[in-house]
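Please look through the sequence and the model below, and then follow the paragraphs that come after them.

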Amino acid sequence: MFERFTKDARAVVLGAVDHAERLHAETVEEQHVLLALLDREASRASFALMALGLAERKESVEQALAEARRRGGLSRADADALSGLGIDVSEIVSRVEEAHGEGALRAGGTGAGRGRGWLSGLVGGHRPFAQGAKDLLTESLRMALAQRDRYIGDEHLLLALTARPGVPAEVLADHGVTYESLRRVLYGGGEAKAG
């Protein structure tokens with residue numbers, strides 16, 4: 001599958017590995033892919049993010065992702081659902097950090113389900129890809145096929161992030177970037193089209 005990735009999409013995958021390493025995560029997660037997408041310039045995904053106003057709010061996105069890592073990777077929707085059951089995630093995080101230090105619940109992977117497939121060879125085996133990140137790459141292929149594209153670009157990775165439930169999609173939606181808004185910008189529908 002990786003042979004279908006454009007230069008920009010490959011740079012995003014490698015950038016995700018870099019972000020995982022900088023954040024001392026054991027595995028490459030979907031959030032690392034989002035962070036790498038935010039780093040890109042002069043690509044279809046970067047144009048779409050700029051057109052949707054996210055370029056000026058990169059720091060806000062990074063803070064939202066950091067807060068989710070602090071919650072152990074739980075989305076706000078997950079925390080709200082637990083709250084409905086009488087479980088205060090913020091209180092639990094505070095107590096755990098009080099006892100074990102700041103960031104004790106930080107999501108970073110436990111090593112479970114580590115694979116050594118094509119992704120490990122790509123990045124020299126430094127950081128394995130978590131199942132969610134692998135599924136995201138597979139979903140990006142589906143996005144490309146749906147558009148009848150013969151390649152997988154960084155725009156397909158971005159579309160896949162917005163189409164999958166989880167923290168990255170929630171953070172993007174909170175910043176006005178949804179699957180529908182991305183499709184309009186990338187493929188038309190009355191607004192600017194990414195070229």
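Residues 24 or more positions apart account for 64% of the contacts in the protein that have a separation of 6 or more, where a contact means heavy atoms within 4.5 Å. This is a predicted model, in which local features need pLDDT of at least 70 and side-chain atom pairs count only at pLDDT 80 or more, while totals for chains, interfaces and linings use all residues. Residues are numbered from 1 along each chain as its sequence is written, and side-chain values use heavy atoms, with hydrogens and water left out.

The protein has 11 helices and 0 strands, counted as DSSP runs numbered from the N terminus (helices are H or I with at least four residues, strands E with at least two). Of its 195 residues, 44% are buried, a word that stands for under 20% relative accessible area, with over 50% called exposed and the range in between partly exposed (1.4 Å probe, protein chains only). The protein exposes about 9900 Å², and carbon and sulfur atoms supply 48% of this area, which comes from the Shrake-Rupley method with a 1.4 Å probe.

His-19 lies in helix α1, which covers residues 7–22, and it counts as buried because its relative accessibility is 8%. Leaving aside residues up to four places away in sequence, His-19 touches His-32, Leu-35, Ala-36 and Asp-39. The C-alpha atoms of His-19 and Leu-34, which are 15 residues apart along the chain, are separated by 9.7 Å.

Two helix pairs come next. Two packed helices are described by the angle between their axes and the distance between the axes. Helix α8 (residues 131–146) and α9 have axes that come within 8 Å and cross at roughly 110°, the axes being lines fitted to C-alpha atoms over the stretch in contact, with angles from 0 to 180 degrees between N-to-C directions. That angle makes α8 roughly perpendicular to α9, since angles of 65 to 115 degrees count as roughly perpendicular, under 35 as roughly parallel, over 145 as roughly antiparallel and the rest as oblique. In α8, Leu-136, Leu-137, Glu-139, Ser-140, Met-143 and Ala-144 meet His-156, Leu-157, Leu-159, Ala-160, Leu-161 and Ala-163 of α9.

Helix α9 (residues 154–163) also packs against helix α11 (residues 179–187), at an angle of about 160° and with axes 9 Å apart, so α9 is roughly antiparallel to α11. On the α9 side this contact includes Glu-155, His-156 and Leu-159, and on the α11 side the residues include Tyr-179, Leu-182 and Arg-183.
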